[in-house]
Amino acid sequence: MRALFRSLFKIPTELAHSYHSVLSFKWLALGAVVGAMTGLGAILFYVGIEALSHLLLGQLAGFSLPVPAGEELFSGPPGPARPWLLFIFLGGIGVLTGFLLRRFVPQTRYGGTDGTDTMIKAFHHQEGHITPSVPVMKVGTSILTIAAGGSAGREGPISLLGAGCGSWLAGKLRLSAKERRILLLAGAAGGLGAIFRAPLGGALTAVEVIYREDFEAEALLPSIISSVVSYSLFTLVFGSEPIFGIPKFEFSDIRELPVYAILGLVCAATGWFYVRTFRFIKFKVFWPLTDRFGFVPAVTLGGLGMASIGYQFPELLGGGQGWLEMAMLGKLSVTMMAGMIVGKTLATSVVLGSGLSGGMFAPALFVGGMSGGVVGTLAQRLFPSVVVEPGGYVLVGMAAFFSGVANAPIGPLVMVCELTQGYGLLAPLMLATAIALVLGRNVSLYENQVDNKFESPAHVGDATINILEREKVEAHYKPGRVTIVEEGTHFGALTDIIVNSNELCFPVRGADDRITGMLAVQDLRKVLYEDTLCELLVAGDVARKAVLLRPDEDLYTALLKFVESDLALLPVVDSEDPTKVLGILAREDVFTAYAKTLKSMKEQV
């Protein structure tokens, strides 16, 4: 009976040990805490935007803008039309934003494209540190900007808020820089998962958007947990219905694939236009204005510019999710959607390029969706028997466009599937996304995004192989005379050579002058003073297999040879004449070269 109880108690213990080692319970707990913090922040952020927008744009300015079915928090008829109030709202918010950011977040000008890019910069260049004042100020001013009609998205501020929560928690727990970066991404994932009601897509986007050709695998588990917890809290308050009230689109006709391939081409082209326009307006228009007149006037001018655009074209106010839903339902003309592509690009560039707060994600989805709407509607007119549901092209365009400009192939694709609550468009999504990614490889929406982990200062300590492969033996070996032992040298003579030398390894030369082996002192230590062996053993009998280096070989190859041979020194021979020994490379020389190069790389960060 005792044996039975011991066995029963042993099973959960073993499972617990396995659980800790494989799934890392610590990251599950930390991810859940960060997700809870971010979820509460997302609720307050969302309510703040919707309530203030209803007041400013609906009741005071009298605008009646479409709202997607899953986001209609406040209803009622709009107030009397006063579109001129946009100039007061956005101009005043420009002054306030410029003052607050200059006073409390003076580095915001160099923070990147938006809040997401600020998070990316903190990951790569700030060891995951985000000063609490940064997300507080950026989120607060984003609420004002978006609620007053600024063309910006909610995901940039909320991802920055989540990242700030993760960074703050890591600081309180005194975690390492590596762990702080992981919590940073977990917080960003929680924000994206909640605000888009797409937990898996939000988590995947957060871990892959920081690189163009890679993703942060170690942050995946806490990011998923954080996103799930944040999403659960958010939907507990606002419900789990998807943002868009649309039918489920299905891909059933293989003849549509060429049309979706064309959509990928169009998304690559509009993506290039979107990014180039934003950077031109930011760096060629507003930065010179900032240098000449100051940050506050430039931001104020951006607010007034957006007010002018919104006064003439109210369709460009805010994030535009309601117009996206109308495009999916086929209620917009081709001309209107094409105009919205250009108009939204200009409006967003003016708002975010001037320094006003907000995100680039939602406007990018808007431009991508309208690009898909144009292609789908035109294709239906030309091929009505093939293209039956042009609304599906809006959804595919959203994912393909953002994947192309953000170099994030998986997250946006999954996010669109979650938004539609189905995988009926998975095949065309993958095709259009792949084409947009390939053609948009040289375009990047986020300024602080790097190619891969080897290009990131966050992983400079992991780049051992990369460092050693760039260093050559010829730059680190010690040239000069090397003690070489002939194969026929007797053991007695070997003893004299070893005693009178500081070297621990000796190359052994054969009859044809080639190095045929290596004599290691540790192999002879036990029999070094056995006089009976003096005339019996020769160097060739006790030598190991020859291990040689050439000057043109890299230090990583040298390191592998040191490990395989277990020798402290290796001879360096001429690349063209292997009988000529040029010098010796010590194992310590490899480590010294690695340490110096690593230190130099860290100083350059």
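Buried, as the word is used in these legends, means under 20% relative accessible area. The views are all taken from a predicted model.

Figure 1. Strand S6, formed by residues 569–573, is mostly covered, and five of its five residues are buried. Leu569, Pro571 and Val573 point one way from S6, while Leu570 and Val572 point the other way. The residues on both sides are buried. S6 runs antiparallel to strand S7 (residues 581–586), to which five bridges join it. Within this pair, Pro571 stands opposite Ile584 of S7.

**Figure 2. The open sheet S2-S3-S4-S5.** Four strands, in the order S2-S3-S4-S5, make up an open sheet with mixed pairing. Its edge strands are S2 (485–486) and S5 (544–545), each of which pairs on one side only. Two bridges connect S2 with strand S3 (residues 505–509), and this pair is parallel. Val485 stands opposite Val508 in S3. Strands of a sheet pair through backbone hydrogen bonds, in either the parallel or the antiparallel sense.

**Figure 3. Surroundings of Thr113.** Thr113 is located in the loop between helix H3 (85–104) and helix H4 (115–125). Because its relative accessibility is 4%, Thr113 counts as buried. The side chain of Thr113 reaches the backbone oxygen of Leu445 at 2.8 Å. When neighbours within four places in sequence are left aside, the residues in contact with Thr113 are Phe278, Lys282, Met360, Leu445, Tyr446 and Glu447.

**Figure 4. The largest cavity.** Three cavities of 30 Å³ or more are found in a search of the whole structure. The largest cavity holds about 250 Å³ of space. Its lining comprises 25 residues, and those nearest the centre are Thr108, Gly112, Lys138, Leu352 and Gly355. Two or more lining residues come from each of H4, helix H5 (133–147), helix H6 (155–172), helix H10 (257–293) and helix H13 (334–354). H10 gives the most to this lining, with four residues. Divided by class, the lining of the largest cavity contains seven nonpolar, 14 polar and four charged residues.

**Figure 5. The second largest cavity.** About 140 Å³ of space is found in the second largest cavity. Of the 16 residues in its lining, Arg154, Phe196, Gln321, Ala362 and Leu365 are the closest to the centre. At least two residues of this lining are supplied by each of helix H12 (321–328) and helix H14 (361–382). H14 gives the most, with three residues. The lining of the second largest cavity is made up of 10 nonpolar, three polar and three charged residues.

**Figure 6. The largest pocket.** The space in the largest pocket amounts to about 680 Å³. A total of 34 residues line the largest pocket, and Glu50, Ser53, Leu65, Pro66 and Val67 lie nearest its centre. Helix H2 (25–60) and H12 are the elements that give two or more residues to this lining. H2 provides the largest share, seven residues. By class, the residues lining the largest pocket are 16 nonpolar, 13 polar and five charged.

Figure 7. Most residues other than glycine have a negative phi. Arg174 has a positive phi of about 55° although it is not a glycine. This arginine, Arg174, is found in the loop between H6 and helix H7 (177–195). Because its relative accessibility is 77%, Arg174 counts as exposed. Arg197, likewise not a glycine, has a positive phi of about 55°. The loop between H7 and helix H8 (199–208) contains Arg197. With a relative accessibility of 7%, Arg197 counts as buried.

**Figure 8. Glu241 in the loop between H9 and H10.** Glu241 belongs to the loop that lies between helix H9 (220–238) and H10. Its relative accessible area is 55%, so Glu241 is exposed. In sequence, Glu241 and Leu28 are 213 residues apart. In space, Glu241 and Leu28 are 27 Å apart, C-alpha to C-alpha.

Note on methods. Residues numbered from 1 in each chain as written. Predicted model: local features only at pLDDT ≥ 70, side-chain atom pairs only at ≥ 80, totals over all residues. Heavy atoms only, no water. Buried < 20%, exposed > 50% of the residue type's maximum accessible area, 1.4 Å probe, protein only. Pairing = 2+ DSSP bridges. Polar contact = N/O pair within 3.5 Å; in protein donor to acceptor, adjacent residues only side chain to side chain. Contact = heavy atoms within 4.5 Å. 1 Å grid on protein atoms, 1.4 Å probe; cavity = no way out; pocket = protein on both sides within 12 Å on 5 of 7 lines; lining within 4 Å. Points joined across faces, edges and corners; volume = space filled by probe spheres on them. Nonpolar A, V, L, I, M, F, W, Y, C, P; charged D, E, K, R; others polar.
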